[in-house]
Amino acid sequence: MSTRIIKDSKERDLSIMLTPFIPCSAKLPIIAMFTGYFFTDKSGLVSASLYFFAIAIILISAIIIKKIFMKNSGTAFISELPEYKLPSIKYVTKDVFDKITEFIKRAGTIILFCSVIIWFLLSFSWKLEYGIEIKNSILASIGNSISWVFYPILGTYSWEATVSAIQGLVAKEQVISSMSIIAGLSEGVEQTTMLFQSTSFRFFNSASAYAFMVFNLFSAPCFGAIGAMRREFGSTKKMLKAILFQTALAWILASIVFNIGIL
């Protein structure tokens, strides 16, 4: 919505398309869990590297797109930054309270609803048989059919990680929730810290963990953000092009990161 102050329509569209690359608070649970387990003492540095990586990709993408697709476009747009001051305790408290309240609302509605759907798809087969093995569930069959897409990122065919990543379209926090449910139903793992010791996610190593974070960082945002993109673009076609660009770039970057990592 902040791109409305940009007068040039092409530059505004470019800003709308690249803004979701900036890590939002919804992506923090993914970053925190993976860096905390696989990078331990260097988790802070690795987390920061994702932010700097995002900034670099935004700048590089903007330059390339302007050079190729926006050759005759350009304005002398200047945005004056406000005077920065130390925030008051009152403001910080109110801001934290608002964010916690917002997350509780999301956890009690969207995330809870999606978790129930995931549980149902994991507990039933296509013949609606209950109590079947998780590998014979509806969700497993769906994940297995598209797990090849994530092979260059994970180095293995994992339907569990595949469906969890796709859940990020609903809400990025749902990635962790989906992984928790899968691990819980498959082996009774209840603690998030034990996820990577379960059979479902034991394949993860530092290379695939970082690549998985990169994919979730740059892939298409949640439905709420996609809806905002649609309103600001004023075109469904532009929105779909942006989603395709974001997801394709996320897949390419994650694949490169993984293959460099295993070397």
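**Salt bridges and burial: a quick tour**

Lys94 is exposed, at a relative accessible area of 54%. On the scale used here, exposed is over 50%, buried is under 20%, and partly exposed is in between, with a 1.4 Å probe and protein chains only.

Ground rules. This is a predicted model: local features need pLDDT of at least 70, side-chain atom pairs count only at pLDDT 80 or more, and totals for chains, interfaces and linings use all residues. Residues are numbered from 1 along each chain as its sequence is written, and side-chain values use heavy atoms, leaving out hydrogens and water.

Back to Lys94. Its side chain meets that of Asp98 in a salt bridge, 3.2 Å from N to O. Salt bridge here means a side-chain nitrogen of Lys or Arg within 4 Å of a carboxyl oxygen of Asp or Glu. Helices are DSSP runs of H or I, at least four residues, numbered from the N terminus. Asp98 is partly exposed, at 36%.

How many salt bridges does the structure hold? There are 5. Another one joins Arg4 to Glu232, with the closest N and O atoms 2.8 Å apart. Arg4 is exposed at 55%. Glu232 is buried at 16%.

Next, Lys66 and Glu11. Their closest N and O atoms are 3.1 Å apart in a salt bridge. Lys66 lies in helix 3 and Glu11 in helix 1, so the pair ties together parts 55 residues apart in sequence. Lys66 is partly exposed at 28%, while Glu11 is buried at 11%.

Stay on helix 1, which covers residues 9-18 and includes Asp13. Asp13 has 16% relative accessibility, so it counts as buried. Its side chain makes a polar contact with the side chain of Lys238, at 2.9 Å. A polar contact is a pair of N or O atoms within 3.5 Å; within protein, one must be able to donate a hydrogen and the other to accept it, and residues adjacent in sequence count only if both atoms are side-chain atoms.

Leu18 is in helix 1. Leu18 is buried at 4%. Setting aside residues up to four places away in sequence, Leu18 touches Ile58, Ser61, Ala62 and Phe245. Contact means heavy atoms within 4.5 Å. Leu18 and Ala62 are 44 residues apart along the chain, and their C-alpha atoms are separated by 7.8 Å.

Now a pair in helix 8 and beyond. Ile176 is in helix 8 (residues 174-187) and is buried at 11%. Ile176 and Ala76 are 100 residues apart in sequence, and 43 Å apart C-alpha to C-alpha.

Cysteines. A disulfide needs a pair of cysteine sulfur atoms within 2.5 Å. By this rule the count is 0. Cys24 is in no disulfide, and its nearest cysteine sulfur, on Cys222, is 6.7 Å away. Cys24 is partly exposed at 34%, whereas Cys222 is buried at 17%.

One backbone note. Thr40 has a phi near 30°, a positive value in a residue other than glycine. Thr40 lies in the loop between helix 2 (28-38) and helix 3 (43-69).

Last, Val92. Val92 lies in helix 4 (residues 89-123). Val92 is partly exposed at 36%. That's the tour.

Definitions and conventions: Helix = DSSP H or I, 4+ residues; strand = E, 2+ residues; numbered from the N terminus.
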